[in-house]
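Look at the model below before reading on. The report goes from a few single residues to the whole chain.

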Amino acid sequence: MSQIILASASPRRKELLEQIGLEFEICPAKGEEIITKSIPEEVVMELSKQKAEEIASMVATFGAENQEITTPSDILVIGADTVVAYDGKILGKPKDEEDAKNMLRMLAGNVHSVFTGVTLVLIDKSGRAGEIVFHEKTDVSMHPMSETEIERYVATGEPMDKAGAYAIQGKCAIHIEKIDGDYNNVVGLPITRIYQELKKIGIDIYLW
């Protein structure tokens, strides 16, 4: 018996894994995020690593301490973190509505980048672990937005739990001019890259 664990409570990431037909458990990381990097791609990889390793450590410890009640299995833990970056500045989730409006004013009419860091921790039946860490980048061009359009969008509440204060798969879709890269990466999880990275090391995620 094998198991896939998503170390995230993000409904977008859950939907993307369901979209490709995977069966998995959700166990969100709860540890404090510690950032020691400043470059966007390094930040997201660092944070995804912390999330995946936190859950992998919990799983490995539980298995070692409860061998009589657990079924030995191969485990894949998926950790991810996404940020929006514009002009060298990282934009996380807005603190409040005014912060969301400021982010949208900054992004509207310009091109920004979305970075998602992914860490895959693989634990085999003997407890040995391996790790794959990478990031994916997508450039997003937004149409100019009037102040009325910004206020109307923020009033929907949708931007408040989104990096960069917008959801490409939601109501902000009408303001997206084009993207260069993986659309799903902007949503929150580059599922194509995950599949290909595992495939490189001989793992068929559908046979996991």
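Two residues are in contact when heavy atoms of theirs lie within 4.5 Å. The model is predicted, so local features need pLDDT of at least 70 and side-chain atom pairs count only at pLDDT 80 or more, while totals for chains, interfaces and linings use all residues. Residues are numbered from 1 along each chain as its sequence is written, and side-chain values use heavy atoms, with hydrogens and water left out.

**Ala 29**

Ala 29 is in contact with Ala 7, Lys 51, Glu 54 and Ile 55, leaving aside neighbours within four places in sequence. Ala 29 sits in the loop between β2 (25-26) and α2 (40-65). Helices (H or I, at least four residues) and strands (E, at least two) are DSSP runs, numbered from the N terminus. In sequence, 121 residues separate Ala 29 from Ile 150, and their C-alpha atoms are 32 Å apart in space.

**Loop residues and their accessibility**

A residue is buried under 20% relative accessible area, exposed over 50%, and partly exposed in between (1.4 Å probe, protein chains only).

| Residue | Relative accessible area | Class |
|---|---|---|
| Ala 29 | 25% | partly exposed |
| Asp 87 | 72% | exposed |
| Lys 162 | 13% | buried |
| Ala 165 | 0% | buried |

Asp 87 belongs to the loop between β3 (74-86) and β4 (89-91). Its phi is near 55 degrees, a positive value in a residue other than glycine. Ala 165 also is not a glycine and has a positive phi, of about 65 degrees. Ala 165 is found in the loop between α4 and β7.

Lys 162 lies in the loop between α4 (147-155) and β7 (176-180). Which residues does Lys 162 touch, not counting residues up to four places away in sequence? They are Arg 12, Gly 92, Lys 93, Pro 94 and Ala 167.

**The nonpolar cores**

A nonpolar core is a set of buried Ala, Val, Leu, Ile, Met, Phe, Trp, Tyr and Cys residues joined through side-chain atoms within 4.5 Å. The largest one has 43 residues, and the members that touch the most others are Ile 78, Leu 120, Tyr 166, Leu 189 and Leu 198. Apart from it lies another core of nine residues, including Ile 5, Ala 56, Ile 75 and Val 121.

Beyond its neighbours within four places in sequence, Ile 78 is in contact with Ile 4, Ile 5, Leu 6, Ala 7, Leu 17, Val 118, Thr 119, Leu 120, Leu 189 and Ile 194.

**The whole chain**

How many helices and strands does the protein chain have? There are six helices and seven strands. Read from the N terminus, their order is β-α-β-α-β-β-α-β-β-α-β-α-α. The radius of gyration (taken over C-alpha atoms) is 18 Å, close to the 17 Å of the globule rule (2.2 Å times the number of residues to the power 0.38) for 208 residues, so the chain is as compact as a globular protein of that length. Along the principal axes, the C-alpha atoms fill a box of roughly 60 × 30 × 30 Å.

Of the 208 residues, 45% count as buried. Among contacts with a separation of 6 or more, 69% are between residues 24 or more positions apart.
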